Amino acid sequence: MLSRLLHLFFILTRPMTLGVRGLLISPDKTVLLVRHSYHSGWHMPGGGVHRGEALEAALVREIQEEVAFNIIGKPKLHGIFFNNKVSKRDHVAVYICENFEEIPNQKSSWEISECQFFPLDSLPPELDGGTKARIFEYLEKQEAALSW
């Protein structure tokens with residue numbers, strides 16, 4: 001119900017929505033995934049870009065807020081995807097982040113019900129389709145698709 005109300009709000013207030021996600025890959029080849037409190041499945045951490053905010057700044061903010069990690073250095077843009085599963089106006093920028101560190105004594109956001117690193121060869125079965133596609137593009141060094 002909450003997600004439907006938020007979606008209606010965004011339709012009325014924004015002609016297009018834009019989000020960012022971080023594909024956080026550790027040196028030991030595990031990926032950080034989250035479960036949100038408001039919808040099912042495992043996803044990359046991230047969220048919406050605020051008005052007047054640059055994509056990379058939004059990514060850094062969302063990763064800090066959601067999972068209490070700092071991105072070190074410049075993340076690599078993997079692609080910008082049209083996400084027509086949410087609406088006909090939603091786009092998501094995905095960044096590859098291979099250098100990051102946990103922020104000590106900071107808790108994850110209330111939005112996150114679970115946060116866990118998974119080996120790239122042992123991903124959870126409830127993986128979001130777009131997240132799964134981005135991980136396999138990364139693993140197979142494939143060009144990014146156009147759609148989520």
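**Close-up 1. Glutamate 137 and arginine 134, a pair within helix H3.** Sitting 3 residues apart in helix H3, glutamate 137 and arginine 134 are separated by about one helical turn. Helices here are DSSP runs of H or I with at least four residues, strands are E runs of at least two, and both are numbered from the N terminus. The two side chains form a salt bridge, with the closest N and O atoms 2.8 Å apart (a salt bridge being a side-chain nitrogen of Lys or Arg within 4 Å of a carboxyl oxygen of Asp or Glu). Both glutamate 137 and arginine 134 are buried; buried means under 20% relative accessible area, exposed over 50%, and partly exposed in between, using a 1.4 Å probe and protein chains only. A note for every view: this is a predicted model, where local features need pLDDT of at least 70, side-chain atom pairs count only at pLDDT 80 or more, and totals for chains, interfaces and linings use all residues. Residues are numbered from 1 along each chain as its sequence is written, and side-chain values use heavy atoms, leaving out hydrogens and water.

**Close-up 2. Arginine 35 and glutamate 114, a strand-to-strand salt bridge.** Here the closest N and O atoms are 3.3 Å apart. The pair links distant parts of the chain: arginine 35 belongs to strand E2 (residues 30-36) and glutamate 114 to strand E9, 79 residues apart. Arginine 35 is partly exposed at 23% relative accessible area, and glutamate 114 is partly exposed too, at 33%.

**Close-up 3. Glutamate 56 and lysine 74, joined by a salt bridge.** This one has its closest N and O atoms 2.7 Å apart. Glutamate 56 is in helix H2 (residues 55-67) and lysine 74 is in the loop between strand E5 (69-71) and strand E6 (76-82), so the pair ties together parts 18 residues apart in sequence. With a relative accessible area of 27%, glutamate 56 is partly exposed, whereas lysine 74, at 68%, counts as exposed.

**Close-up 4. Aspartate 128, buried without a salt bridge.** You'll find aspartate 128 in the loop between E9 and H3. The nearest side chain of opposite charge (Lys and Arg count as positive, Asp and Glu as negative; His and the chain ends are not counted) is arginine 21, 6.7 Å away. Leaving aside neighbours within four places in sequence, aspartate 128 is in contact (heavy atoms within 4.5 Å) with Trp42, His43 and Trp148.
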